[in-house]
Amino acid sequence: MHLIWMALRASSRRLWGVCSRGRLRFTCAAGSTDSASAAVQRERVEARAEKPSAPSTKNFELSPFALYLLDRGPETLVQASREELLGYHRLMFTMRRMEIGADQLYKAQKIRGFCHLYDGQEAVAAGMSQVITFDDYLITAYRNHCQQLMRGDTVEGIIAELLGRAIGCSQGKGGSMHLYFPENNYFGGNGIVGAQVPLGTGLAFAAKYKKENAVSITMMGDGAANQGQVYESFNMAALWKLPVVYVIENNQYGMGTSANRAAANPLYYTRGAYIPGIRVDGMDVLAVREATRFAKDWCLQGNGPILLEMQTYRYHGHSMSDPGITYRTRDEINEMRKTRDPIEKVKSRLVDVGWVTADELKQTERAIRQDVDEAIKRALDAPEPAPELLWKHLYTTEATRVRGTSIDNGYEA
Ligand SMILES: Cc1ncc(C[n+]2csc(CCOP(=O)(O)OP(=O)(O)O)c2C)c(N)n1
Ligand SMILES: [Mg+2]
């Protein structure tokens, strides 16, 4: 209950946080009403510069969804326009380059501490961002850089936070695991496995209590889905019919343990027991989009919670300290890259229907690569936070001294 009230308080947008403004910002679907969101969404339209030569949509066939406690699920024959697919490609490729940039900065010892990369899983964040709005709530775990991008931050701002620069969303004091964008209802960025699930459930409680037309997207990993607090949350959400979409990103591993070894029931979309669920190809941005649309409608119709299992894959190791090849083979990773890559999937759809050539896509990618590199350079050039900030944002009243540390980084008893 305490957690629910914390979330209620947080949802009234009094969380501290400074957002950075700049280029390369991508956001969610239209629908937010506040002016900041509207401005950000206008920028998104501008960011997706490609215009179709003639407005047209085509049908695309999706792999079947597996359903649990549902008579019907999302459509499998879906429409998408050239502009939409180009936008998804641009967004996912930007995410990919940003994560590769973070990898390089980490290896150069410019990013310190924990750092969990999202490459391979881009279609999940990108697909959801096409349906949810800034009035909806989003919360996830520590693998959170790309969610921050989809909620309105910029590549420059995100990398700056990772580098500990003052223009980052937490003024450089949070780092990789603690990205937030409260003005667009993004609540991070949570390092304790599973701890975001009661918070996300609380956000759904808040939305219902305040009679908002919004849902809470509460994300967790396959490993987190074995945690006790997850099932306490499921119980309350089902009992009170809360508008919460639980998203389990099944990337097949929790650190070095495969899902099949860790879970008594690895069919994650059935793990809500009394909560309906859908298994989604999380490597297909269109499948994620359609499943999210279905789940959001389900919640807004007052049906209570729903669970989406996104079947996906992480290319990097668990974190930067994990080479990622001791508990799985290089062949497995290469096979996933070759046959399931989410960016390649959207590219081949674009090429197969004749909307764009492979060469044109290469040019786009070259331009994105350059934009991301420039954003990283600006982040590197940004100043570090002033030393006085060491004392700030710790207590509600100003602290003048913190036990165990001093302002020059020395030790003070
Ligand atoms: C309560 C708690 N237990 C253990 C850890 C250590 N830990 C960090 S990530 C992780 C694995 C989680 O895997 P999963 O939920 O599948 O997420 P993924 O890393 O695959 O995205 C563990 C055990 C932690 N941070 N918090
Ligand atoms: Mg996992």
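View 1. Helices here are DSSP runs of H or I with at least four residues, strands are E runs of at least two, and both are numbered from the N terminus. This is a predicted model, where local features need pLDDT of at least 70, side-chain atom pairs count only at pLDDT 80 or more, and totals for chains, interfaces and linings use all residues. Residues are numbered from 1 along each chain as its sequence is written, ligands are numbered from 1 in the order written, and side-chain values use heavy atoms, leaving out hydrogens and water.

**View 2. Helix 6 (residues 155-163) has 9 of its 9 residues buried, so the rest of the structure largely encloses it.** Buried means under 20% relative accessible area (1.4 Å probe, protein chains only). Glu156 and Glu161 are among those buried residues. They pack, as part of the buried set, against helix 3 (82-107), helix 5 (145-150) and helix 13 (358-381), with contact meaning heavy atoms within 4.5 Å.

View 3. Asp222 sits in the loop between strand 5 (216-221) and helix 8 (228-239) and Tyr253 in strand 7 (residues 253-254), so the pair ties together parts 31 residues apart in sequence. Asp222 and Tyr253 are both buried.

Conventions:
Buried means under 20% relative accessible area, exposed over 50%, partly exposed in between (1.4 Å probe, protein chains only).
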